[in-house]
Amino acid sequence: MKNAMQSVELGVSQRSRVGLNRPKVWLRSELSRVGLAEFLSTYVMMALGLGSVAQVVTGQGVFGQFLSINVGFGLAVAMGVHVGGNVSGAHMNAAVSLTMCVFGRLPWKRLPLYVFVQLFGSFLAAATVYGIYYEAIHNYCGGNLTVTGERATAGIFATYPAPYLSLFGGFVDQVFGTAMLLLCLMALSDQKNKPAAKGTEPILVGLLVVLIGISFGSNSGYAINPTRDFGPRIFTAIAGWGLDVFRSGNGWWWVPLVATSIGGVLGAGVYKAFVEMHHPPLSGQEGDPIEEESLPLNKKQDICADVKPETNGNN
């Protein structure tokens, strides 16, 4: 009897310890987990990226130059991928999410969730950076929040075209830049080609963003991400820059929304048409069916992300 009682007490004790070690709260809804992870990864990426721009602009070159922003945003993207990559895929970019839907790698019904949390994360990150750099921004511009001019500060948060750039030229610039982003992301995830080695995906995606910034950043700050641009633009309109954020650059605001979405689908489509569709069967026999082996750029294997630093002739 004594042994029986000891066994019962031991069992109760073990169950108690298991109960103490078990998390008290957790999300059973996959949609909720995905939404929270995508929001946080976007927020981290945007806060670090916009912070690098704010430091360069308000420091007037003392605390970095254009390359600092490229590297800052690239590393910010890499950290964002680490934060949410295995949960939501860490797209952090509506152009990426749209492209994944077009090519069947993300359900269309999830697109509104991704776009919303990306916009909210970008908006909140802009507000955070503005709060942290509030005194520096007002010291730099003398309290006059402007979109254009020598002391313009709106470019810290959203992209604007250089004075020489036409709307058509800027549209082509954004289509091409985003196309290169998605084309390279597709290549990095293609398991039948030369994919990124396991564990290196975040830093390689970050380096890709740095490369695009170094190559195509001067025309308009290479948004290559509609939500990265639009969320902070809405914030600046509310925070004191006013409706000039939509009027400036001949109504530039819509270009990073439309051109990036087109460019993403175009770039991924080009890679698929020129490379991915022509991989031979693994068995080497032409008659064998070819299984899809490209890593889906979504939840657990996504190496996507994208945004850009935004610096241009207006900063």
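Predicted model: local features only at pLDDT ≥ 70, side-chain atom pairs only at ≥ 80, totals over all residues.
## Overall fold

The chain contains eleven helices and zero strands, and its pattern along the sequence reads α-α-α-α-α-α-α-α-α-α-α.

Of the 315 residues in the chain, 49% are buried. The chain exposes about 15,000 Å², and carbon and sulfur atoms supply 64% of that area.

## Nonpolar cores

The largest nonpolar core has 52 residues, and the members that touch the most others within it are Ile 137, Phe 157 and Trp 241. Helix H2, which spans residues 30–58, gives the most to this core, with nine residues.

Leaving aside residues up to four places away in sequence, Ile 137 touches Thr 58, Tyr 130, Leu 145, Thr 153, Ile 156 and Phe 157.

## Helices H9 and H11

Helix H9 (residues 226–241) and helix H11 (residues 255–274) have axes that come within 8 Å and cross at roughly 170 degrees. Because angles over 145 degrees count as roughly antiparallel, H9 is described as roughly antiparallel to H11.

On the H9 side, the contact is made by Pro 226, Asp 229, Phe 230 and Arg 233, while H11 contributes Pro 256, Leu 257, Thr 260 and Ser 261. Sorted by class, the residues in this contact are four nonpolar, two polar and two charged.

Definitions and conventions
Residues numbered from 1 in each chain as written. Heavy atoms only, no water. Axes fitted to C-alpha atoms, helices over the stretch in contact; angles between N-to-C directions. Helix = DSSP H or I, 4+ residues; strand = E, 2+ residues; numbered from the N terminus. Parallel < 35°, antiparallel > 145°, perpendicular 65-115°, else oblique. Contact = heavy atoms within 4.5 Å. Nonpolar A, V, L, I, M, F, W, Y, C, P; charged D, E, K, R; others polar. Core = buried A, V, L, I, M, F, W, Y, C linked by side-chain atoms within 4.5 Å. Buried < 20%, exposed > 50% of the residue type's maximum accessible area, 1.4 Å probe, protein only. Areas by Shrake-Rupley, 256 points an atom, 1.4 Å probe, with all protein chains shown as cover.
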